[in-house]
Amino acid sequence: MQAVQPMKRGRVRLGRWLPALSALVALIGWEGVARASGLPQFILPPPSAVVARLSRAILDGSLLGHTLVTLSEVLAGLALGVSVASLLGYALAKSSTLERLLSPYVVASQAIPIIAIAPLLVIWFGPGRISKVLICGLIVFFPVLVNTVVGVRSVPRELYELMRSLRATRSQVFLKLEAPAAMPVLLGGLKIGATLSVIGAVVGEFVGADQGLGFLINLGDGLYDTPLVFVGVLTLIGMALALFGLVAALERRLLAWRTVEV
Amino acid sequence: MRTALAGWGLAAVILLAGCAADRESAPMRLPMGFIPNVQYAPFYVAVERGYYADEGLEIEFDYSFETNGVKLVGAGELPFALVSGEQVLLARAQGLPVVYVMAWFQDFPIAIAAPEASDIRAPEDLAGKRIGIPLLEGASYIGFRALLHAAGMQEQDTVLDTIGFNQVETLVAGQEEAVVVYANNEPLQLEARGHPVNLIRVADYVSLASNGLLTNEATLSENPDLVRSMVRATLRGIEATIADPSAAFEICKQYVEGLDQLSAADQALQRRILDASIEFWKTDRPGYSDPQAWQNMQELLLGMGLLVEPLDLAAAFSNEYLP
């Protein structure tokens, strides 16, 4: 038994380093392919060229400026999408009539090819940030809504009966039973939405923008500065990972009450 | 993200291209830089009338992004592409060995359109005005900056909105006081919708290298006859289109999906777009590239900070392959 413990600790330590290790292997592989293929930098820049371009973009302040613009659009879009989706999701979960009435529209909202309607949103709401925030919100909307419905409906009927037997008010049922019970599934939807919202902002910026990471990527492409394109893409990936991590941290905090069975 | 994915896709295509056994016998892909359009009539005519076939060429049109075409030619994967002049210098500044060998548009086609009733009639009138531009890159942006330069103005002297390719809608809706357009396209669409415009044409203020045929240094050194053949056949297509626009328009119906399904009014509009485009192609010296236009383009790009240092312009374009 004692011999097993060090092995287990070793596995835990290795597990902690695995993501960094896999990233390092991927980077080495990328550098190798870029060099061995002989492809010019404007087709496939090696990571070393991307890192050099990244440091230039950081030093001249341009990357921070564009990142903050996209981040503000993403956060606003997330707030909009999550608010509307969770409110509507709760209503749909509680009313089958409402669900029958609105379901076709909800599913249709997910089927909208965002890239096709993005130019229309720019016309309807102007070239400012509103159109980008709306696109973000639209992308976040569906996963959060579906998870809200599933979360609220997953509350066991016996618990409702228990609350009724305790003469709980409607707000008590919501706060003490439904919200905590739905929270794990809702946060699952939020994780997906947070990641997708980054794509939403970039789609909006591709259609028409003069700031943001989508604009930076377009600019890099237009100037044949492919390392700059990769800088923009990697920053977006970093932003999506950070948002995912933030929701995961929120999840750990909000769901700390849960006992984990091993 | 689209462009990064396209970049990886491009790399994958290039890596896999070496495996294609029948590469030599395949038709030659020609990146056009835009969707199928009546403006490409000379190329459709050259195929249909057999001008390319006469030179032993089989062409397949590729409607991908202009920058992808430049990269494929720069990487030596395709011998030719159609591009705007500024792309040649921007690409060469990044080390792409591309060379412009045939001018198609004789004038830079970008203009600023404002409602006919407005007081915007010259570049100076743009001061303080709200102007919509598709993107802050490419020919539209270059043309816009050229007009500001002509008036001694800076970008900050206007209120510039990036609106995507929604110039017609935003001008009609009154969201913008003026929009940056292609002189042979959007103004005609606006007019057809009952919104005639004043046009401030870049070409009236400065001569800039415009759309034409791009190749690469390897093709020029290893297969100059291929370049001559391509130029010769394309010039025949341009000449035939200018000589008989009606016949060219009929040929376009085979290549521009839905063109023959349009209403009579919309077909007439497309025909006017072709006629307006033809005006840009007319010249006494078909295919000739004016060195001063390249010099002007370079000075503009340097002034905009898009070029860091002057390039060897003699290596960027050539008139040697014209018939």
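Val98(B) stands opposite Asn216(B) in S10(B). This is a predicted model: local features need pLDDT of at least 70, side-chain atom pairs count only at pLDDT 80 or more, and totals for chains, interfaces and linings use all residues. Residues are numbered from 1 along each chain as its sequence is written, while chains are lettered from A and ligands numbered from 1 in the order in which they are written.

**The sheet in chain B**

S4(B) and strand S10 (residues 212–216) of chain B pair in the antiparallel sense over five bridges. Strands are DSSP runs of E with at least two residues, helices are runs of H or I with at least four, and both are numbered from the N terminus. Two strands pair if DSSP finds at least two bridges between them. The open sheet has three strands in the order S3-S10-S4 (chain B), with antiparallel pairing. Strand S3 (81–83) and strand S4 (98–103) of chain B are the edges; each has a single partner strand, so one side of each is left without a neighbour in the sheet. From one strand to the next, the twist averages 40°. H5(B) packs on the sheet and touches S3, S4 and S10 of chain B. The direction of H5(B) makes about 165° with that of S4(B). Axes are lines fitted to C-alpha atoms, for helices over the stretch in contact, and angles run from 0 to 180 degrees between N-to-C directions. Contact means that the C-beta atoms of two residues, placed from the backbone, lie within 7 Å.

**A helix pair in chain B**

Helix H2 (residues 41–48) of chain B packs with helix H11 (residues 245–252) of chain B at an angle of about 85°, their axes 9 Å apart. That makes H2(B) roughly perpendicular to H11(B), a term for angles of 65 to 115 degrees; under 35 counts as roughly parallel, over 145 as roughly antiparallel and the rest as oblique. From H2(B), Ala41(B), Tyr44(B), Val45(B) and Glu48(B) meet Ala248(B), Ile251(B) and Cys252(B) in H11(B). The residues of this contact divide into six nonpolar, no polar and one charged. Ala, Val, Leu, Ile, Met, Phe, Trp, Tyr, Cys and Pro count as nonpolar, Asp, Glu, Lys and Arg as charged, and the others, Gly among them, as polar.

**Where the chains meet**

The contact takes 31 residues from chain A and 33 residues from chain B. On the side of chain B that touches chain A, at least two residues each come from helix H1 (2–17), helix H4 (66–74), helix H5 (85–93), strand S7 (159–162) and helix H7 (167–172) of chain B. H1(B) gives the most, with eight residues. That side of chain B divides into 16 nonpolar, 12 polar and five charged residues.

**The two chains overall**

| Chain | Elements | C-alpha extent along principal axes | Buried |
|---|---|---|---|
| A | 10 helices, zero strands | roughly 75 × 70 × 30 Å | 37% of 262 residues |
| B | 14 helices, 10 strands | about 60 × 50 × 40 Å | 50% of 323 residues |

Buried residues have 20 or more other C-beta atoms within 10 Å of their own, exposed ones 12 or fewer, and partly exposed ones fall in between; C-beta atoms are placed from the backbone. Chain A has a radius of gyration of 23 Å, whereas a compact globule of 262 residues would have one near 18 Å. For chain B the radius of gyration is 20 Å, close to the 20 Å that the globule rule gives for 323 residues, so chain B is as compact as a globular protein of that length. The radius is taken over C-alpha atoms, and the rule is 2.2 Å times the number of residues to the power 0.38.
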